[in-house]
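I opened my notebook to look up charged side-chain pairs. My plan was to list them, then place each one along the chain.

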Amino acid sequence: MEKVKLNNGIEMPILGYGVYQVTPEECERCVSDAISVGYRSIDTAQAYHNEEGVGNAISKCGVPRGELFITTKVWISNAGYEKAKASIDESLRKLKSDYIDLLLIHQPFGDYYVTPAVNQVETHVFNQQIKLQEVMKEYGTKIMSWGPFAEGRNDFFTNPTLQEIGKEYGKSVAQVALRYLIQRDIIVIPKSTHKERMMENFNVFDFSLAPDDIAAIAALDTAKTLFFSHNDPEMVKWLINYGK
């Protein structure tokens, strides 16, 4: 598994398994499947309400805790020292672990200004975050992509460019998209509830995209979100209420 070194010296896998929108009921099974496939990085959050499923899976999987890389996130309503401390303690309890490898502030709101090791943002072939990545490189911050498949929007899985490139390498659209981000040194956490898809998403280290293919995918960038803007007041209100 390829790894990236963060600005604090910690190394994390460049490919992980994300559990956003995985139900609490399915989470333990899905994470167990992902670990059996070979994933060692698991991304969850307080607001996903499935940390317990992740904790159950990692405690039963038989893989030493030191070989796993667990990410979770502090939600908006838990900002501030005392609330954050209590919420982190709760996350540790649910995760059945005495430490968290990567702790993220879940949304860009609050009065705390730090240089993060990782910034998890919407990143996919239609919104490639080129300028943002340039700025982050100045601070040694790594991009972590959420929505690497754009959740299927913009007819992602039938995109002609990605399909044609996939045929060249005997790879799927999903594999091509992940490989493109990985070659840009972007951490990815594709989510699937199907073990065969987990295996497919994991199998992206046996090929490299040629410069012409990289250029063709780069041309797909619209530099616009397909989901929501953190500058939209109504969206900010929705996010603040989401975790309550």
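These entries cover salt bridges and the residues that form them.

Entry one. I noted that the model is predicted. I searched the whole structure and got 11 salt bridges.

Entry two. I looked up D101 and R65. Their side chains form a salt bridge, at 2.9 Å from N to O. The pair links distant parts of the chain, 36 residues apart. D101 sits in the loop between helix 3 (81-95) and strand 6 (102-105). R65 sits in the loop between helix 2 (51-60) and strand 5 (69-74). D101 has 24% relative accessibility, so I logged D101 as partly exposed.

I turned to K171 and D206. Their side chains meet in a salt bridge, N to O 2.9 Å. This pair also links distant parts of the chain, 35 residues apart. I found K171 in the loop between helix 5 (160-169) and helix 6 (173-183). D206 is in the loop between helix 7 (195-202) and helix 8 (211-218). Is K171 buried or exposed? K171 is buried, because its relative accessible area is 14% and buried means under 20%. D206 is exposed, with a relative accessible area of 51%.

I checked K237 and E234. Their side chains form a salt bridge, with N to O at 3.6 Å. Both residues lie in helix 9 (residues 233-242). They are three residues apart, about one turn of the helix. E234 has 52% relative accessibility, so I logged E234 as exposed.

I looked for shared partners.

Key: Residues are numbered from 1 along each chain as its sequence is written. This is a predicted model: local features need pLDDT of at least 70, side-chain atom pairs count only at pLDDT 80 or more; totals for chains, interfaces and linings use all residues. Side-chain values use heavy atoms; hydrogens and water are left out. A salt bridge is a side-chain nitrogen of Lys or Arg within 4 Å of a carboxyl oxygen of Asp or Glu. Helices (H or I, at least four residues) and strands (E, at least two) are DSSP runs, numbered from the N terminus. Buried means under 20% relative accessible area, exposed over 50%, partly exposed in between (1.4 Å probe, protein chains only).
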